[in-house]
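Q: Please take a close look at the aromatic rings of this structure. How are the rings paired, and where do the paired residues lie?

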Amino acid sequence: MKGEYKHSIDAKGRLAMPAKLRDALGDRFTITKGRDGCLYAYPEQEWQAFEQRLKALGGSEKARRTQRYYMAKAIDVELDAQGRVLIRADLREFAGLQKDVTVVGMMDRAEIWDSERWNAYNDQSDEDDLEDVDF
């Protein structure tokens, strides 16, 4: 998954998923709290792999906090006939989703951002942030 797509959430909390990401996400996928104030959307197979990584963290206090962070708010969603998903109110509130939304393809998942928050996040980032990343 890759790319940046501008969409909006309707009054009922439904988001039309970008057509270019629907194939990668599938008809059913999992949405949960993400990092940096966004939501993560995982295709079923990637979600299962993510759950296995969470299980492998063990039972320490830090591991339990991490597991709860992602698992407590996770929801399985299904695309409707129009390619929309209903995002639960508590997740919309967490990510500040009200109307304008940016969906970003991030390899194994999609991120769902409030567009204003996404723009502010990008304004803070620059190439200097990439200096320490070596791959």
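A: The following paragraphs describe the aromatic pairs in turn.

The model is predicted, and the count of aromatic pairs in it comes to eleven. A pair of aromatic rings is described by the distance of the centres and the angle of the planes. Tyr40 and Tyr70 form one of the pairs, with 6.4 Å from centre to centre and 15 degrees between the planes. This pair is stacked because its angle is under 30 degrees.

The positions of the two residues in the chain deserve attention. Tyr40 belongs to strand 4, residues 39–43, while Tyr70 belongs to helix 3, residues 61–71; the pair therefore ties together parts that are 30 residues apart in sequence. Tyr40 has a relative accessibility of 7% and counts as buried. Tyr70 is likewise buried, with a relative accessible area of 9%.

A second example is the pair of Trp113 and Tyr121, which is tilted: the centres are 5.1 Å apart, and the planes form an angle of 40 degrees. Here Trp113 is buried, at a relative accessible area of 1%, whereas Tyr121 is partly exposed, at 31% relative accessibility.

The surroundings of Tyr40 complete the picture. Tyr40 and Tyr70 belong to a cluster linked by ring pairs, which also contains Tyr42, Trp47, Phe50, Tyr69 and Phe94.

Methods: Residues are numbered from 1 along each chain as its sequence is written. This is a predicted model: local features need pLDDT of at least 70, side-chain atom pairs count only at pLDDT 80 or more; totals for chains, interfaces and linings use all residues. Side-chain values use heavy atoms; hydrogens and water are left out. Rings of Phe, Tyr and Trp (its six-membered ring) pair if their centres lie within 6.5 Å; planes under 30 degrees apart count as stacked, over 60 as edge-to-face and the rest as tilted. Helices (H or I, at least four residues) and strands (E, at least two) are DSSP runs, numbered from the N terminus. Buried means under 20% relative accessible area, exposed over 50%, partly exposed in between (1.4 Å probe, protein chains only).
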